[in-house]
Amino acid sequence: MGRIAYVNGRFVPHAGAAVHIEDRGYQLADGVYEVWAVFGGRLADCDGHFARLERSLAELRIPLPMGRRAMEVVLRETLRRNCVRDGLLYLQVTRGVAPRDHAFPTRPVSASVVVTAKSVDLAGDDRARTGVKVITVAENRWGRCDIKTIGLLPNVLAKQAAREAGASEAWFVDEMGLITEGASSNAWIVDSGGVLRTRDTQANILRGITRQSLLDLAKSLDLRVAEGPFSVEDAKMAREAFISGAGSVVLPVTRIDEAIVGDGQPGPIAKRLRGLYIESARRNAA
Ligand code: PDD
């Protein structure tokens, strides 16, 4: 059975799914997206992703294309039609189709909605056993990384630089030498004093939904946790490092640029948080 996509009210074969050439997402990156991890056919951190979607849309003044209930029906139907048990669900909402003009359309347009789903064995990712390499790149994104916009060119270029360096992720480093986050994930370390650190949400980062769930888990484990800045040097000297996101869940980082992190093996806290997150996501997915 071929893949099926949802495009503006219809389920269509993925291979031929298309939007209009004057969709403002296509021409101007005028839209937002969400990615849910899927476990057992259900959405991990379901409400958190919906809340962030609504916030991103509100920040861009794009009206909600449909109510939450209707949206959930579409998302679940996309999973069902693609027989996805474990995998990823992608939702994109743009301001819609209108003659090209940077300012908002003057006539009312309906937002465009695209949903796709694919099977991925998130829990069985081999990289969780080996650890991944990250590179550091200069932060060059706009000042509103809290909005999950589809305008991702700096992230695209950073990720490609990572790939060319044999790495899985790129960490953005701001002017102060402090790590903000990854191109498609949040950045974490267990520093040399044993404190779990991830950048605070006052900084220009995406408020990762997986990040928040991990913070809650870490607090329930009585780990010492600090949301705040850490430098590239702190990261290279850390006991452990890892990344988090719907696409990667939790992946241990064993190398940052040329530096080996800790003993070069996935660290115990990263492994524990990964296991607990997957367990709780399976249990609480909706
Ligand atoms: N990326 N930071 C950035 C820049 C991201 O793009 C993402 C997610 C995250 C992690 O957020 P969350 O835990 O809510 O997934 C942090 C998705 C998975 C993507 O672009 O595919």
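Biologist: Which residue in β13 does Trp188 stand opposite?

Modeller: First, the conventions. This is a predicted model, in which local features need pLDDT of at least 70 and side-chain atom pairs count only at pLDDT 80 or more, while totals for chains, interfaces and linings use all residues. Residues are numbered from 1 along each chain as its sequence is written, and side-chain values use heavy atoms, with hydrogens and water left out. Strands (E, at least two residues) and helices (H or I, at least four) are DSSP runs numbered from the N terminus; two strands pair if DSSP finds at least two bridges between them. Here, Trp188 stands opposite Phe242 in β13. Strand β13 (residues 240–245) is joined to β10 by 5 bridges and runs antiparallel to it.

Biologist: With which strand does β10 form a hairpin?

Modeller: The hairpin is formed with β11, with 5 residues between the two strands. Their antiparallel pairing extends over 3 bridges, and Val190 has Leu196 as its bridge partner in β11. In the turn, Gly194 has a positive phi of about 90 degrees.

Biologist: Which way do the side chains of β10 point?

Modeller: In a regular strand, side chains alternate between the two faces of the sheet. In β10, Asn186, Trp188 and Val190 point one way, and Ala187 and Ile189 the other. Buried means under 20% relative accessible area, exposed over 50%, and partly exposed in between (1.4 Å probe, protein chains only). Because 5 of the 5 residues of β10 are buried, this strand is largely enclosed by the rest of the structure.

Biologist: Is Thr198 buried or exposed?

Modeller: Thr198, in strand β11, is buried, with a relative accessible area of 2%. Contact means heavy atoms within 4.5 Å. Leaving aside residues up to four places away in sequence, Thr198 touches several residues, including Trp188, Leu215 and Phe230.

Biologist: And Ile21, is it buried or exposed?

Modeller: Ile21 lies in the loop between β2 and α1 and counts as exposed, at 59% relative accessibility.

Biologist: What is the strand order in the open sheet of 6 strands?

Modeller: The order is β2-β1-β6-β5-β3-β4, with antiparallel pairing. Strands β2 (10–13) and β4 (42–43) stand at the edges, each with a single partner strand, so one side of each is left without a neighbour in the sheet. Strand β2 is joined to β1 (residues 4–7) by 4 bridges, and Val7 stands opposite Arg10 in β2.
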